[in-house]
Structure formats: C-alpha cells, structure tokens
Amino acid sequence: MTEESAQTTATPVCYRHPDRSTYVTCVRCDRPICPDCMQPASVGFQCPECVREGRKTTIPARTVFGGSLSGEQGTVTRSLIVINVVAWVLTVAAAVLTSEVSIAQLGRFVIFGGVTGVTEWGAAVPAYGGGFLEVQGGIAAGEFWRLLTADFLHYGLIHLAFNMYALWILGRECERLLGRARFLALYLFAGVGGSVAVYLFSPLNQASAGASASIFGLLGAMFFFLRRLRADPRGLVFLIILNFSLGFVVANISIWGHIGGFVVGAAVGALMAYLPAGPNRARLQWIALGGVAVALVVLIALRTASFGVLF
C-alpha cells in the first residue's frame with residue numbers, strides 16, 4: 001500500500017454522507033459529521049439523531065398558565081383579525097352583487113353597515129316569528145350555526161375597527177399568557193357564550209353580531225390572569241366598567257351579548273389561571289372546558305325546548 005492510499009484510508013468520512021471527508025465528530029456519540037449534519041450545541045456540534053433523542057427527554061418551556069410559548073408570536077390573534085376582516089369584505093361584496101346596496105348607498109353602508117342577506121343568515125337571532133310552535137327561523141329553529149358565525153360578522157367599518165383594535169391589544173397579551181390552543185378556546189367559548197346569552201334573554205326577532213362578545217370575554221379572563229400574577233387590576237376594572245357603560249348609552253349594542261361573553265370568558269380565564277399546576281394541569285384544563293361546553297349545550301337545549309320545537 002502506498003503512502004498516499006494509506007492517508008486517504010485514514011481520513012474519516014461523515015456517517016450519513018460517506019462521500020464527504022470530515023474531522024468533526026458529534027460531541028454525544030463521537031461519530032464523524034459533515035457541515036450539512038452539524039447541529040450547534042452548547043459545546044461543539046451534535047448529529048441529527050442525537051438532537052432528536054435529546055428533544056425527547058427535554059421538557060418544553062411553558063407559560064405560567066401551562067400553554068406553549070408559541071403564543072408569543074400572536075399568530076392566532078392575527079389570524080382571527082384576518083378572518084373577521086375577510087368576513088366583512090365578503091358581506092359588503094355580497095350586498096353589492098345582490099343589489100341589496102346600491103353604489104350611491106355604498107359609502108354610508110361601508111362606514112355604518114346595515115342588515116344584509118349575510119347578516120340575516122349568520123347573526124344571533126333567538127327566533128324569527130315566535131309563539132308556541134310558530135318559529136320560522138333563528139336559533140330556536142335549529143340554526144345553531146348562528147351561535148358561532150355571529151362572532152365573525154360586523155355592521156360597518158366602525159363596528160369592525162373598534163373590535164379589531166381591541167382584539168389586537170387584548171388578544172396578543174392573552175395569547176402570550178395562554179399559548180395558541182388555549183387562547184383560541186377562550187376566544188371561541190366567549191363568543192358562543194355571548195350568543196347563548198342573546199338566545200336566552202334578548203327579544204325574539206332581534207339580531208346580534210360582532211366580535212365584542214369575545215372581546216368582553218378576554219376582558220373577563222384578563223382580570224383573573226392579573227389576579228393570579230398578583231398584578232394591579234384596577235386599570236382593567238375601569239376599562240371593563242367603561243365598556244359596559246357604553247352599552248347603556250350607545251344605541252344598537254347587544255348588552256346581553258357582552259354580558260354572556262364576559263361571564264363565559266371570565267369562567268374560562270379563572271379555570272386556566274387557578275387549576276393546580278403540575279403534570280395533570282393541561283388535562284384538567286381541557287376537562288374543565290368540556291364542562292363549560294356541556295353547560296352551554298344544556299342552556300341551549302332548555303331554551304329551545306321552551307319554544308316547543310323538537311329535533
């Protein structure tokens with residue numbers, strides 16, 4: 001064997017890429033790795049297999065309320081804002097295309113909104129018609145999608161802008177504290193809770209729509225988050241009182257929707273904040289959310305039964 005061939009044979013090669021020479025080894029398993037396989041470690045480099053094995057034994061970082069740190073990016077908040085804006089744009093477009101709104105009326109409609117076929121289809125309306133066995137539409141007639149769709153429909157740009165600004169401020173903070181999944185659950189539960197309250201207590205033919213039920217739910221949850229973190233909640237309490245007061249001053253505001261969203265959001269926030277920490281906290285949180293869902297379903301069923309409607 002020549003001196004040159006002996007030197008070539010002695011050169012280590014990457015265990016994943018045998019055609020690549022390397023003098024770098026994994027600090028955990030000591031196998032040779034090429035630049036494409038090098039994974040930076042606290043000291044030196046690791047191979048992909050050792051990195052994967054290490055992740056299995058690493059406890060992921062969690063927020064104070066048990067959620068993942070993914071919520072710090074505000075992805076769910078941004079997505080919810082996009083969905084609300086797109087729903088409003090589609091509402092305006094549908095109103096123009098179906099001649100519900102003329103070009104001359106478009107400017108005022110865009111700013112202040114109005115009733116359209118889309119809002120009539122998706123708003124939270126307890127019942128169209130009324131009376132025993134005379135229900136012609138609405139939630140009481142089995143249109144239960146309204147309990148959710150109402151939270152994503154808005155009457156005009158002013159209505160949308162106020163709610164989206166509040167969602168941008170409150171949503172990112174709640175998502176940061178809860179993580180993506182828990183925050184989305186809070187938002188949706190509060191929105192449905194507002195619609196359920198409308199179904200229970202609002203006049204039969206009165207429509208309600210908008211993300212304000214979810215916004216009030218975030219306010220209610222944030223109160224318990226601040227209490228749990230031992231932060232001063234007085235500024236938040238003033239904001240809550242101010243927003244509730246507007247419902248009694250400004251016309252066409254769904255007070256029951258705000259109350260329902262606030263109560264359900266506060267309940268979900270309290271559960272997230274005060275269930276005991278530990279390895280079973282996540283399971284307890286989701287079981288508790290299941291209990292809230294069951295309570296809402298029972299209220300919906302009882303209210304529907306009061307109309308004498310059977311499904």
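I looked up the rhomboid annotation, and the unreviewed UniProt entry places "domain: Peptidase S54 rhomboid" at residues 142–273; such annotations may be inferred rather than shown by experiment. I am working with a predicted model, in which local features need pLDDT of at least 70 and side-chain atom pairs count only at pLDDT 80 or more, while totals for chains, interfaces and linings use all residues. I number residues from 1 along each chain as its sequence is written, and side-chain values use heavy atoms, with hydrogens and water left out.

I checked the span 142–273 and found 76% helix and 0% strand, with its end C-alpha atoms 35 Å apart; helices are DSSP runs of H or I of at least four residues, and strands are runs of E of at least two.

I then turned to Leu167, which lies in helix α7 (residues 157–178) and is buried, with a relative accessible area of 0%, where buried means under 20% with a 1.4 Å probe and protein chains only. Leaving aside residues up to four places away in sequence, I noted that Leu167 touches Thr77, Leu80, Ile81, Arg172, Phe183, Tyr187, Ile215 and Leu218, contact meaning heavy atoms within 4.5 Å.

I looked next at the packing of α7 with helix α3 (residues 75–97), where the angle is about 165 degrees and the axes are 8 Å apart. The two helices, α3 and α7, are therefore roughly antiparallel, a term for angles over 145 degrees. Among the residues that meet, I listed Leu80, Ile81 and Trp88 in α3, and Met164, Leu167 and Trp168 in α7.

Note on methods. Buried < 20%, exposed > 50% of the residue type's maximum accessible area, 1.4 Å probe, protein only. Axes fitted to C-alpha atoms, helices over the stretch in contact; angles between N-to-C directions. Parallel < 35°, antiparallel > 145°, perpendicular 65-115°, else oblique.
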